[in-house]
Amino acid sequence: MSKAAIHYSFDHEHLLGIDGLHPLDLTHILDLANDYAEATRSGKRADPVLSGKTVVNLFFENSTRTMSSFEIAARRLGADVVSMPVAQSSVKKGETLIDTAMTLNAMKPDVLVVRHSASGGAKLLSRKVDCAVINAGDGTHEHPTQGLLDTLTIRRNKGRVEGLKVVICGDIVHSRVARSTTLALHLLGAEVHLCAPRTLMPSGTETWGAASATSDFDAALEGADVVMMLRLQLERMDGAYLPSRREYFRYFGLTAERLALAREDAIVMHPGPMNRGIEIESAIADGERSVITEQVEMGVAVREAVLHLLAGGRS
């Protein structure tokens, strides 16, 4: 007897985080993003599913990489794109976040891509506007498209996510990437181990789906299929989190000797930008096991998929 067909449709108005998504949602986004990635690699032009639509990038924090990725993705789909870095916004003149939301809403955009230094900033905006809102990073909360592109990169290189051992090491306490990527990988069946100095490890990581949280990097690396390093977010550190950068690299930097503890076919990832010689050796970052540049490539594909689903049709 054949199995009953699964009736599924992507039915979300916004993408504010991985938290709240179903594994079927993740798989749907990843499958569509993979199609876009393959089309780009083969030189095919994407269908203009966002023709006549307007995408506004509203970035209260600097991020050339993420903003550019969303711009490229939106333009490939035929959208009109307006990017507003904070230095050019009225917020500098004293306008509140809600005032900005109301002003933008009056301009009738179709998608608002938001990065804000406050956790919950994107969610607040989503309650004040009539268009779809995509969270491009809010404080130390989430960065859902980064979590999706990390997951897609792993799936393409390993052929699966379920059952893989993934080690994420670095500044976990300040990292919205660590939370989103851990949530996404856990939903799809991976075993995620977080590693950081005690001063950079938050409490409650088990609620993200992390299998463990440790300060022993060497032990965590044993048998790892994927090793992801995170940037030390020095701009967010207002206290004595580390004795020194040299000391940090000694215990938590990814070297060739440490990578040898992982599986022979383990891949190396980093969401960028990298602090070479502090989080990772240049030889490893540029080596044959590194998929860091592929992460950037998959970022555009994932954002094409998310923009398509939120503004170009949800079937």
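Predicted model: local features only at pLDDT ≥ 70, side-chain atom pairs only at ≥ 80, totals over all residues.

Residues are numbered from 1 along each chain as its sequence is written, and side-chain values use heavy atoms, with hydrogens and water left out.

**Two domains**

Start with the overall layout. The domain assignment gives domain 1 (14-143 + 296-312) and domain 2 (144-293); such bounds come from an automatic or database assignment. Their C-alpha centres lie 25 Å apart. Contact here means heavy atoms within 4.5 Å, and the contact between the domains takes 38 residues from domain 1 and 28 residues from domain 2.

**The nonpolar cores**

In soluble globular proteins, nonpolar side chains tend to be buried together. A nonpolar core is counted as a set of buried Ala, Val, Leu, Ile, Met, Phe, Trp, Tyr and Cys residues joined through side-chain atoms within 4.5 Å. Buried means under 20% relative accessible area, exposed means over 50%, and partly exposed is in between (1.4 Å probe, protein chains only).

The largest nonpolar core has 87 residues, and those with the most contacts inside it are L148, I168, I172, F217, V227, L254 and L307. Helix α11 (residues 292-311) provides the largest share of this core, 11 residues. Helices (H or I, at least four residues) and strands (E, at least two) are DSSP runs, numbered from the N terminus. The core draws at least three residues from each of domain 1 and domain 2.

Take V227 as a way in. Leaving aside neighbours within four places in sequence, V227 is in contact with V167, F217, L221, L254, L259, A262, I267, V268 and M269. There's also a second, separate core of 13 residues, which includes V56, F60, L112 and C131.

**Pocket and cavity**

Rolling a probe the size of a water molecule over the atoms shows where empty space is left. On a 1 Å grid over the protein atoms alone, a cavity is a set of points where a 1.4 Å probe fits but cannot get out, whereas a pocket is an open set with protein on both sides within 12 Å along at least five of seven lines; lining residues have an atom within 4 Å of a point. Grid points are joined across faces, edges and corners, and a volume is the space filled by probe spheres set on the points.

For the linings, Ala, Val, Leu, Ile, Met, Phe, Trp, Tyr, Cys and Pro count as nonpolar, Asp, Glu, Lys and Arg as charged, and the others, Gly among them, as polar.

| Space | Volume | Lining make-up | Top contributor |
|---|---|---|---|
| Largest pocket | about 450 Å³ | four nonpolar, 10 polar, seven charged residues | α2, three residues |
| Largest cavity | about 90 Å³ | three nonpolar, five polar, two charged residues | α11, four residues |

Of the 21 residues that line the largest pocket, the closest to its centre are R115, R176, R231, G272 and P273. The elements that give two or more residues to this pocket's lining are α2 (64-76) and α6 (176-187). Domain 1 and domain 2 each supply at least three residues of the pocket lining.

Among the residues lining the largest cavity are R65, Q146, P271 and R303. Where does the largest cavity lie? Both domains give residues to its lining, so it lies between them.

**Residues worth a click**

T182 is found in helix α6 and is buried, with a relative accessible area of 0%. Neighbours within four places in sequence aside, T182 is in contact with I168, V192, L194, W208, G209 and A210.

Most residues other than glycine have a negative phi, and most peptide bonds are trans. The peptide bond from G272 to P273 is cis, with omega near -10°; P273 sits in the loop between β9 (267-269) and α10 (282-285). K108 has a positive phi of about 60° although it is not a glycine. You'll find K108 in the loop between α3 (97-106) and β3 (111-116), where it counts as exposed at 59% relative accessibility.

Finally, K123 is in helix α4 (residues 121-126) and is partly exposed, with a relative accessible area of 46%. K123 and G17 are 106 residues apart in sequence and 9.3 Å apart in space, C-alpha to C-alpha.
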